[in-house]
Amino acid sequence: MTFKTTIAATFAVLSFATAGFAADVTVTDSYARVSSKAAKSGAAFMMIENATDSDDRLIDARSDAAKMVQLHTHKEGENGVMQMLHVEDGFAIPAGDTHLLQRGGDHVMLMGLTKSLEHGDAIDLTLVFEKAGEVTVTVPVDLERKPDHGALKHSH
């Protein structure tokens, strides 16, 4: 890759990694990934900051990138094996705090992908909060990001 191509690609990814804002709820450091090019599902991760003085809750997510979008978490089962579970009540976003959606924890699950997700692509994702309403973010697909990069260093 030439220097100009690298700069252009970096600028494109950064421009897609737009933060979402609504009523003092901010979504940053978002990215999506799939396990392989043939994967039929993927996941999105991000930091959600609630700068208000009242608790809120992420209750739903939607995207044209998948036939079904759900809020999921990982939980250890009785046999010690980690299981992925749909969280119907959503995720609490406490007042003045940040909730991290990360690999191995809470995340947005994209099931029945409508197209393959390639590194450098971007998807639109609408997050629905009880109080803040809808926040739409453009989430870059990053297949190279390591689990300990970015948001994980900012865990609250």
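I began with contacts, counted where heavy atoms lie within 4.5 Å. Of the contacts in the protein between residues at least 6 apart in sequence, 67% join residues at least 24 apart.

I noted the ground rules next. This is a predicted model, in which local features need pLDDT of at least 70 and side-chain atom pairs count only at pLDDT 80 or more, while totals for chains, interfaces and linings use all residues. Residues are numbered from 1 along each chain as its sequence is written, and side-chain values use heavy atoms, with hydrogens and water left out.

**Elements.** I looked up the secondary structure, taken as DSSP runs numbered from the N terminus (helices: H or I, at least four residues; strands: E, at least two). The protein has one helix and eleven strands.

**Surface.** I then checked burial (buried is under 20% relative accessible area, exposed over 50%, partly exposed in between; 1.4 Å probe, protein chains only). Of the 156 residues, 41% are buried.

**Strand S10.** I turned to residues 122-129, which form S10. Six of the eight residues are buried, so S10 is largely enclosed by the rest of the structure. I looked for its partners, where pairing requires that DSSP finds at least two bridges between two strands. Strand S4 (residues 56-62) pairs with S10 in the antiparallel sense over four bridges, and Arg62 stands opposite Thr126. Strand S11 (residues 133-140) also pairs with S10 in the antiparallel sense, over eight bridges. Leu125 has Val137 in S11 as its bridge partner. Three residues lie between S10 and S11, which form a hairpin.

**Ile48.** I found Ile48 in strand S3 (residues 41-50). Its relative accessible area is 0%, so Ile48 is buried. Leaving out residues up to four places away in sequence, I listed what Ile48 touches, including Val25, Leu58, Ile93, His99, Leu127 and Phe129. Val27 is 21 residues from Ile48 in sequence, yet their C-alpha atoms are 4.6 Å apart.

**Arg145.** I located Arg145 in the segment after S11. Arg145 counts as buried because its relative accessibility is 8%. Its side chain makes a polar contact with the side chain of Asp29 at 3.0 Å. A polar contact is a pair of N or O atoms within 3.5 Å; within protein, one must be able to donate a hydrogen and the other to accept it, and residues adjacent in sequence count only if both atoms are side-chain atoms.
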